[in-house]
Structures are given as C-alpha cells and as structure tokens.
Protein chains: 2
Amino acid sequence: MVTARPDSCFLAACRNEPHDVTPVWFMRQAGRSLPEYREVRGEGSINDAIANPDLATEITMQPIRRYGVDAAILYSDIVTPAHAIGFGLDVVPGIGPVVEEPFRSSDDLHRLRPLDPEADTPYVLETIDNLVAELDIPLIGFAGAPFTVASYLVEGAPSRTYHNTKVMMKARPDLWFALTDRLADLAIASLQSQVDHGAEAIQLFDSWAGSLSAADYEKYAMPSSAKVLEAIEATGVPRIHFGVGTGELLGLMADAGADVVGVDWRIPLAEARTRVPEGTALQGNLDPAILGAPWEVVEREVDAVLDSNGGHPGHIFNLGHGVTPTTEPEKLEKVVERVHQFRA
Amino acid sequence: MVTARPDSCFLAACRNEPHDVTPVWFMRQAGRSLPEYREVRGEGSINDAIANPDLATEITMQPIRRYGVDAAILYSDIVTPAHAIGFGLDVVPGIGPVVEEPFRSSDDLHRLRPLDPEADTPYVLETIDNLVAELDIPLIGFAGAPFTVASYLVEGAPSRTYHNTKVMMKARPDLWFALTDRLADLAIASLQSQVDHGAEAIQLFDSWAGSLSAADYEKYAMPSSAKVLEAIEATGVPRIHFGVGTGELLGLMADAGADVVGVDWRIPLAEARTRVPEGTALQGNLDPAILGAPWEVVEREVDAVLDSNGGHPGHIFNLGHGVTPTTEPEKLEKVVERVHQFRA
C-alpha cells in the first residue's frame, strides 16, 4: 500500500534522491518529554496505551502537530509482538521491558509462536489505519532486531553487560539461533503488516548491538537482522537500521540490508559515510544529552551535524538516540526550524 | 621509590620489553566475586573499608593468593580523593558513587581544595606501605581521570547519558575546565603519593570517556588527563590509560601520555594496535560477560585474545572492564593458568 509521495523530503533522503529541505524527525519524539503526552497517558502501562488505537493515534500525532517533523513514527514498543503472543513481559516505567520468566532453554521456544498480526495486534493495525488517514507525511513502522529483543527476553530486564545473552550465544549457539530466528519471524510478520496498512518506511531497532565486537555481531546478530531486512525488501519501503555505539558496525549494518543506517554522536557523519557502501543514506546524529544546553549551544551542534553531512542528499537529521524525558519541547521545535532553514 | 624488578613480566610488558610469560591481572580482581571478600567486607560502606588499612590490605591480597596474577591493584576507589577532601559523596552498594550536592556552579569550586595525601588519605598510604612489604609482584596505584570523576560529581549519581556533564562542558567551558583542572590536581597529588610509597605502575581510569566523540574527547577530556599523565612521567612508572567503548579514542588516549592503553572487547587487539603509536603497549581485552560461560567457551575466547595479540611483547592480559559480581573465581583461576601457559 505504498503510495508515491514525490513531496516527501524524508522518503527522498532515504533513497539518496535530490530534495530541497533536510528531513528531520526524532526517535521518541512522542513520549515523556511532551506535557500533552503526560496528560493523556496517565500512569497506566505502556502496553495498555499501545493497545488503545485512539490513544496511540493521538500520541503519535502530538509531535507532528508541535514540531513540524517530516515523518511520524508509530507509538508502540519493540517488545509489543512478544507481549502480544503472550511471552509474559511488561514495560515498567523508568526501567524498561521486564520479563517474568526469562528465556533460558529450549523449553522456552514454544513461548514464541508465530505472530498473526491481524489477530494478535489488531490495535497496532487500527492505529496505523487511523494515522494513514490523518497524516500528510510518511509513517515509519518499526520492529526490534532479534539481538536486542533477545537481550530483553534472556536477561529478563534491561542490562548493562548482556551477560546471559552473550553466554547463550557462545555456549548454546543452536539455542541462540533458534531464538533469534523466531524473533526474526516475529519482526517480519509485524513489519509486513505495518507496511500493508500503510507504513511508508520501517526502522529496525538494534539498540544494543554496539555491545558486540564486529566479529560477534557478524556471526551472532547480523544473520537474523539480515533475514528481517531482506524479507521487507520486496515491499519497496526504505529500511532504516539503527543502533547505539555502533561505529565499528556501520558497514555490517548496511550490508545486512539497510537503505539507511543510524549513526550516533560518537562518529561524525562524514566519517560514518566512509564506513558504509556508497548509496547508503545516514540518519543522525545529534547527541540527545546536549539538548539540555542553552539554545546557542544546541544550534552550534545542529550546524556541526549538518556541516559534517556536507549537503549529501542521503541524510535524515535525527538524534543519536531517543529524546530524553527532561528535554524541553521548545528546543526540539527550534532544531526542526534550524534544520529546515539549512542550505548546504 | 621504584625498584628495579627484572623478574616482573608485568613491568616488562608495560615497557614493550621481551619477557617469557604473558602477564595477567583483572580489573576488580578484589571484590564481590570473591567469597573471602564478602566475608571480610560485611555490609559497611566501601569508604570505611578503604579507610581501614588492615582490611584494605587484606582485600588487595585476596586475589593475589587465589589467582597468581602478575600485579596487585590497590583496593580503593576513583572518588576516594574527592571524598577525602570532604566533597560529600558516598559509594552506594549496587549503585555507585552518589553525591549529596552535585557540582553545579563556580560556587562549588571551593569544595575541591587541593589534596594533601599524607594528611587527607593517610590510610591509603598505610595500605600501600603494608602491601609493598608483603607483595612480591608490582602494586598498581590508580586515580580517576578528570572527565569520569567529573561525571560523578556533576550528575550526582551514575548516569547513562552524562546529560549534565556534557551540557556543562559545552555551555560553561570555563567552569568545566576549572573543574577538571582541580580534579587533575587531585589525581596528580594522589598518584604521586602512591608512587612515593611504592606503587610500581599507575592506571588512570577514564571509564566513561567512550561516551564522547573523538573531537569532544580531544577538546574537553584529554587536556586534563594529559596533565595528569605528564605529571607522573617523571616518576618513571608505567602509566596505563583505560576506558570502555573507546575504540575511536585509542590513539588520543595514547597521545595523552600513556605507556599502556586499555582496550575493551569491541576491538580486537590486532586492530587496536594499528590505532596507537608504535611502542604503546595494550591491556585487555576479554569480555567479562563471557566468564559466565562453560570453561571451554571461555578458553576459546582467551585464546582468541592471545592470538589477536600475536606474541607482541607489549600486552598485558586483562578483561575489557571489571570482574562482575557473579563471576566464579574458579574461572579466573583457569584464565590465569591458560594465559601463563600460552606461548606465541
């Protein structure tokens, strides 16, 4: 259901095609930094909010109205498919995904049955239907990459060391590949359904891939991510592949089948471009931490990102990671304005 | 008070000199992974344990007796000097350094008066005196690098984003450089006194430097670290410079004045060696997370580290970060044995 949209600078940049204005959106643009979000969300579980299409639609739209960004991103979570098939996890405010019974052995594989998006996540698809009817910019659908989703299921909670995950991948490669293959199938089914309902681009979040060496990434994480990205290729929508601290992995993340690779603030865009194949677009890479500084500092940093890109058409301005809860929305408004004013 | 010690493979490796056996020690080798540590430490504050020379000596010695490592590292903390001059911080178990009143403005500078090691940290020096009398291997002294210590003082608690720290460095560079200059002076005074009492090498911990881009590291963190390392040069003891996720910074961390640069598991040693000037030794780089795997997996990973080094004399085997609390001591015993057996 991809529509031609010659007016979208975001889609043009994803495809490395010439366009007038540098597109910009922000990871976690919908969320706790917005007072209107805090107002409608209340204290309930994020899973409940995602399962309420009217609420999820409203939350997705809030930053669009406020910021004038060039893409919307579905309000959902990378663990939503695993939650929907009953793996038994919750997203705890201030902590993140927490799993009641972590994935530990082959006995847990049956807990990861295939996803039937129309039956298991009808609310996601209804939210997308609502959004496509309302939006005049592209909607980005997304999924978690198998490595990062596996890290939540195996650790049971957010981790700094990925201790159990790394032990499983190296001590039980059979189990690891069975797990990540099922997670790849979940991601494919979810992304395919999102595109069928009108998402015009997708982002695969491998947020924690940067905890791996390049050799381990290539062996243990890349195959299942490549399976996802290759399966979505036939849809024709641009595929964005994102992680944090992935300077050493940018080439592999492109090779996995990405049209756009996310870059965090540790690597200048000009340097990142030397690490990916020609024709790969880049997304990034303002440090979200710097948004707490006075505007003149933020402006200088925004300009440095744009300068480092040097007018290359394959650039989508974004942060290097998600908007933090304490970010003032006014800062993001001004960032959008500054990016849109920029002419290389 | 540096003594010639022709029999130390550790000191030889620090100096890139030929020696027979690959030296090995582990960051946090003294600590929660050892039952004998948990027994003597009890539930009190780490600050109290550090201030008790008999206890700190015993804790430093425990891994020496058990593992047969080639260097001891003083049981202390990177915030000990700031604590000793009354900055007002505690090290909370399971959390890390927590500061009552974080450093926020120039009014806080007076809280960082110069350190007089003999008066302010006599217990540290007494511990070193004890250790030097007891040890037949070199003792490593250490300090926190100004950037990393500043991140604790400015954030008030361990952070994942270093939000306030990064804002201060870019929005208030005058204040930032005044702060890190004082922290450099603290580190210099502390390290100098440790060497005077017999530490035969020092390690500068810039654990969180990897959160910065190379350009920001060079501008905001490297100058104060270089001041520390240059001041210690005259002592003649090897200087180890360590951080996590610093693949992009290895050359700069060497240029700051290091004889040895720490490398985490994300970059193979062979690759790391291309990023530092010739003559720089390397320390690392087994992933501590993998120590939870069965021995045959750990052994394979140990061998991969040694193979990547390829018999270069300038290599000290270590982990890429500290020993985690759940690590079985038996695993580390076997790692030492394996490293010592290795012949390139």
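This is a predicted model: local features need pLDDT of at least 70, side-chain atom pairs count only at pLDDT 80 or more; totals for chains, interfaces and linings use all residues.
Author: Strands here are DSSP E runs of at least two residues, and helices are H or I runs of at least four, numbered from the N terminus.

Reader: Which residues have the most contacts inside the largest nonpolar core?

Author: They are A:I140, A:I202, B:I140 and B:I202, in a core of 232 residues. A nonpolar core is a set of buried Ala, Val, Leu, Ile, Met, Phe, Trp, Tyr and Cys residues joined through C-beta atoms within 7 Å. Contact between two residues also means C-beta atoms, placed from the backbone, within 7 Å. Beyond neighbours within four places in sequence, A:I202 has contacts including A:I140, A:F142 and A:V237.

Reader: Why is helix 8 of chain B called largely enclosed?

Author: Buried means 20 or more other C-beta atoms within 10 Å of a residue's own; 12 or fewer is exposed, and in between is partly exposed. In helix 8 (residues 146-155) of chain B, 10 of the 10 residues are buried, so the helix is largely enclosed by the rest of the structure. B:F147 and B:Y152 are among them. Next comes B:G156, with a positive phi near 90°.

Reader: Why are the two copies said to be related as by a two-fold rotation axis?

Author: Chain A can be laid on chain B by a turn of 180° and a shift of 0.0 Å along the axis, with an RMSD of 0.0 Å. They are thus related as by a two-fold rotation axis. The superposition is by least squares on C-alpha atoms of residues with pLDDT of at least 70 in both.

Reader: How do you know that the copies meet through the same surface?

Author: 100% of chain A's interface residues are also interface residues in chain B, so the surface is the same. Each chain's share is stated too: 23 residues from chain A and 23 residues from chain B.

Reader: And the ground rules?

Author: Residues are numbered from 1 along each chain as its sequence is written, with chains lettered from A and ligands numbered from 1 in the order written. Local features need pLDDT of at least 70 and side-chain atom pairs 80 or more, while totals for chains, interfaces and linings use all residues.
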